[in-house]
Amino acid sequence: MMEKMIIGRYVPADSMLHRMDPRSKLILVFLFVCVIFLANNSWTYAILVIYTLVMAGFSKIPARFLIGGLKPVLWLVIFTFFLHLFLTKEGEVILDLGLFKIYEEGLRQGIFISLRFFLLILITSLLTLTTTPIEITDGLERLLGPLKKVKFPVHELALMMSIALRFIPTLMQETDKIMKAQTARGVEYSSGPIKERLKAIVPLLIPLFISSFKRAEELAVAMEARGYRGGEGRTKYRQLSWSKVDTGMLLFLMAVTALLVVFRG
Amino acid sequence: MTSDRLKLRMMIVTALFAAIIGILAQLTIPLPLVPITGQTLAIGLAATILGAKFGTLSVLLYILIGAAGIPVFAEMSAGLSVLVGPTGGFLVGFIPTAFFIGWMLEKTSFTFKNAMIANTIGMLITLSFGTSWLKVAAELSWSAAFMSGFAPFIIVGLIKAALASWVGVTVRQRLAKANLLYSVQEPRNLSKTV
């Protein structure tokens with residue numbers, strides 16, 4: 001579990017998608033989320049399914065990781081499927097259950113919307129499966145770079161994101177330690193009356209916040225001692241490089257978009 | 001403390017709070033019928049302790065690290081895929097929620113009553129965002145989206161809001177007593193620094 005807290009969902013492999021620039025992957029995902037709303041008939045959904053499968057193939061990620069990403073939302077997608085199935089009252093009746101009638105249009109809508117969610121989840125999963133959280137942070141910082149002109153604190157945001165990523169495992173251990181320490185002092189987290197269990201949150205939170213305020217102070221002093229003076233003129237240890245593959249992938253998605261525009265009904 | 005030094009400290013505290021939201025979101029408080037996750041609680045806490053600006057930032061960071069793949073969302077889920085899934089709107093709604101809670105408490109005072117009002121309206125903001133995204137992404141009618149994304153969560157939301165208010169105000173008082181809230185002691189100063 002601790003490992004997941006450090007590298008996230010990243011699955012190391014040597015594939016085209018792994019080698020791509022995080023910037024282009026972020027742009028691709030963003031465009032895909034917009035483009036998917038163009039699909040409205042079987043042809044356009046077929047194009048998107050093929051596109052998604054091709055991308056999944058490029059990633060060399062074992063299917064079980066991709067399916068794992070679908071799990072948390074599976075029930076909700078099934079729920080929306082049934083909502084459409086029962087609430088849409090257009091087209092011909094294909095099944096009469098007495099209380100409910102299932103209409104052709106409802107079935108169609110249900111399948112399309114579920115498919116939309118599955119495709120969205122698969123493509124966005126590909127991003128997090130082939131890119132480490134820190135790469136995503138770097139990519140975001142560079143992509144949002146132009147916003148510095150309107151005084152949006154891009155560098156600060158990226159720095160805070162790196163700090164949050166860095167300290168999640170540390171603070172998790174800390175939380176665990178505090179819970180154990182308080183349990184040893186007689187605080188009950190998993191049994192006893194509800195009121196007592198709710199009250200037990202406070203002796204967990206106070207030490208956690210106090211220690212994080214202390215950590216913040218220590219880290220700030222350490223950064224100042226090393227001459228941190230904000231983002232201006234700061235150089236980067238990790239460099240991003242845009243390659244032909246990145247441009248190619250963007251063109252590929254644009255071609256797919258063009259096909260969608262042609263085939264949508 | 002000079003403004004640059006204060007700014008750096010607030011940035012780090014905000015980042016650590018984002019991590020704390022992620023950790024608290026994994027804890028469940030067992031209540032009869034509906035177990036409450038620490039997520040809503042942590043959002044309210046961040047806004048109550050850090051104020052509108054930094055509270056909102058820490059919630060934004062929480063969502064960003066979750067989107068980047070760290071399993072900080074409810075039930076250890078992670079990734080941008082959660083944000084674009086049917087429930088993604090609720091997560092995005094936490095950002096304006098945190099802003100509203102922080103803003104209202106800064107404008108009024110940090111009492112349980114105000115916190116309760118702020119957290120309740122905050123809950124409604126979260127639910128509105130969640131329902132709107134559900135409507136658009138799942139192409140539901142407004143009534144169907146309301147029935148599945150809004151109505152069932154109002155009662156639970158009120159319980160969560162009460163809990164978040166009580167914990168938020170209590171923790172804040174204790175931290176203030178321990179003289180740890182340098183962020184909030186100099187609010188005017190701070191608004192100029194970033």
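1. Domain bounds, as used here, come from an automatic or database domain assignment. The model itself is predicted. In chain A, the assignment gives domain 1 as 9–131 + 241–263 and domain 2 as 153–225. Taken over C-alpha atoms, the centres of domain 1 of chain A and domain 2 of chain A are 37 Å apart.

2. The two chains touch. On one side of the contact are 47 residues of chain B, and on the other are 58 residues of chain A. Several helices of chain B each supply at least two residues of the side that touches chain A: α1 (3–24), α2 (38–67), α3 (80–84), α6 (142–149) and α7 (154–177). The largest share of that side of chain B comes from α1(B), with 13 residues. By residue type, the side of chain B that touches chain A divides into 33 nonpolar, ten polar and four charged residues.

3. The largest nonpolar core has 122 residues. The members touching the most other members are A164(A), I21(B), A46(B), L61(B) and I65(B). Helix α2(B) gives the largest share of this core, 19 residues. Both domain 1 (9–131 + 241–263) and domain 2 (153–225) of chain A also give residues to this core, so the core lies between them.

4. Which residues is A46(B) in contact with, leaving aside its neighbours within four places in sequence? They are F17(B), I21(B), G55(B), S58(B), V59(B) and A98(B). Of these contacts, I21(B) is itself among the core residues that touch the most other members.

How values were computed
Residues numbered from 1 in each chain as written. Chains lettered and ligands numbered in written order. Predicted model: local features only at pLDDT ≥ 70, side-chain atom pairs only at ≥ 80, totals over all residues. Contact = placed C-beta atoms within 7 Å. Helix = DSSP H or I, 4+ residues; strand = E, 2+ residues; numbered from the N terminus. Nonpolar A, V, L, I, M, F, W, Y, C, P; charged D, E, K, R; others polar. Core = buried A, V, L, I, M, F, W, Y, C linked by C-beta atoms within 7 Å. Buried ≥ 20, exposed ≤ 12 C-beta atoms within 10 Å, placed from the backbone.
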